[in-house]
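Biologist: I am new to this structure and would like a close look at a single part. Please take the second domain, its strands and the ligand shell, and then say how that part relates to the rest of the chain.

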Amino acid sequence: MENIDYSKRSFNYYPTNAIVTSKCIDGKWSAPEVNTDFNLSLHCFAGIFHYAPSCFEGLKAYRGVDNRIRLFRPDENAKRMISSANYLDMPAPSVELFIEMCKMCVIANWEYIPPFDSAGSLYLRPILIGINPQLGIRSSDDVMLAVMASGVGTYSGAKILVPGTAVLSRNFDRAATFGSGGYKLGANYAQSLHAYNIAHNLGYRELLFLDTATHSHIEEFGSSNFFAIKNGCYITPDSTSVLPSITNKSLRTVAEELGLKVERRKIYVEELAEMEEVNSCGTAVVITPICSIDDKPGLESKEITRTYKFGDTVGTVSEKLYHRIVGIQKGMEEDTYGWCQFVEK
Ligand SMILES: Cc1ncc(COP(=O)(O)O)c(C=O)c1O
């Protein structure tokens, strides 16, 4: 294992050894290849450069307490990539090919899997992009699946479970009501970057998007899902324009196991005042507590209409959820649901 201080790392690109690629040309997938060249050579008329036929995934390989390497629910990432590709009307890899390539990528970058006692993990980023030359506006016929890895620390570089601030996005939308927010498309992120930059430049850690039709209820953060705890309930938005987070899905199961009631429903902005604990959740952020959410007429505006506060330390329920999920991911707790898949060298 490389001698790397993962406590100094955040969620970023750090060099690794190799990537794994496969192409689907004329409906046939090629055998996956391990490449040490990180540059992809693509035709300049490839759809990806023009109309953004691009979807991606994010999952982590964890070094467990038993020193074994686990992937957390990679089948769910595979299924979500298939659903994103179907939405883009382009070829999708099988669940088996997706998982095989993720495992190959972990093996090729073995020495970059952080130690068990660090907050780090090997983040895998599979991308699926349209590669056939085209000019007309249409979906891609041929695609490339590339799986790359980076040995990352915590999302913001802060210590785990340290709360951060957020701001509501009232004048920038992320995903239209009948749009693509429920799929993991590159385009959804391009759409959020400008608003994100404003929020970050103002010192907020997170940006919380609202539904585009009415701007009255909560959708999700730009990087993650929203969940809150209130009166023994785990509450998270129910919306087709929110990304179906695998972490959130798993937390709902864990929450029920811990005796919480789970509610998936509309959450009106004003209800934030009644929430006891508020968090963002996702593969990259795991569970990151939110200590305050500012509501402003517009992101750039100096005026703050209202500030919702949730405490300067992680909530007790959220902390329990964190330890159960991370415990499963790192082999410290029984994997009751068979969520982890081992990677053997
Ligand atoms: C916009 C958005 N929502 C939610 C999530 C969380 O999804 P998952 O838990 O599957 O990582 C992510 C990615 O981490 C994301 O980018």
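Modeller: What follows goes from the domains to the strands, then to the ligand, and ends with some loop residues.

The model is predicted, so local features are given at pLDDT of at least 70 and side-chain atom pairs at pLDDT 80 or more, while totals for chains, interfaces and linings use all residues. Residues are numbered from 1 along each chain as its sequence is written.

The protein chain is assigned domain 1 (6–152) and domain 2 (164–329); such bounds come from an automatic or database domain assignment. Taken over C-alpha atoms, the centres of the two domains are 26 Å apart. Where they meet, 20 residues of domain 1 are in contact with 12 residues of domain 2 (contact: C-beta atoms, placed from the backbone, within 7 Å). On the domain 1 side, the elements that give two or more residues are β4 (54–56), β5 (59–63), β6 (69–72) and α1 (74–87). Helices here are DSSP runs of H or I with at least four residues, strands are runs of E with at least two, and both are numbered from the N terminus. Helix α1 gives the largest share of that side, 6 residues. By class, the side of domain 1 that touches domain 2 has 9 nonpolar, 5 polar and 6 charged residues.

Buried means 20 or more other C-beta atoms within 10 Å of the residue's own, exposed means 12 or fewer, and partly exposed lies in between, with C-beta atoms placed from the backbone. Strand β12 is joined to β15 (residues 277–282) by 5 bridges, and the two run antiparallel. Strands count as paired if DSSP finds at least two bridges between them. In this pairing, alanine 228 stands opposite valine 278 in β15. Strand β12 also runs antiparallel to β13, with 3 bridges between them, and there the bridge partner of alanine 228 is isoleucine 235. The strands β12 and β13 form a hairpin with 2 residues between them, and asparagine 231 in that turn has a positive phi of about 50°. Most residues other than glycine have a negative phi.

From β13 (residues 233–237) the pairing goes on to β14 (residues 261–265), with 5 bridges and a parallel run. Isoleucine 235 stands opposite glutamate 263 in β14. The chain passes from β13 through α4 to β14 in a right-handed β-α-β crossover. Right-handed means that, with the strands pointing away from the viewer, the path from the first strand over the helix to the second runs clockwise.

The ligand comes next. The ligand is surrounded by 13 residues, and the closest are Ser245, Ile246, Thr247, Gly282 and Thr283. A residue is counted as near if its C-beta atom, placed from the backbone, lies within 6 Å. Helix α4 (residues 246–257) gives the largest share of this shell, 3 residues. The shell divides into 3 nonpolar, 9 polar and 1 charged residues.

Some loop residues complete the picture. Glutamate 274 sits in the loop between β14 and β15 and counts as exposed because it has 11 C-beta neighbours inside 10 Å. Leucine 161 is in the loop between β8 (143–152) and β9 (164–169). Phi of leucine 161 is near 60°, a positive value in a residue other than glycine. Leucine 161 counts as partly exposed because it has 19 C-beta neighbours inside 10 Å.

In the loop between β1 (19–25) and β2 (28–29) lies aspartate 26. Its phi is also positive, near 50°. With 8 C-beta neighbours inside 10 Å, aspartate 26 is exposed. Aspartate 26 and aspartate 141 are 115 residues apart in sequence but 7.2 Å apart in space, C-alpha to C-alpha.

Technical notes. Ala, Val, Leu, Ile, Met, Phe, Trp, Tyr, Cys and Pro count as nonpolar, Asp, Glu, Lys and Arg as charged, and the others, Gly among them, as polar. Two residues are in contact if their C-beta atoms, placed from the backbone, lie within 7 Å.
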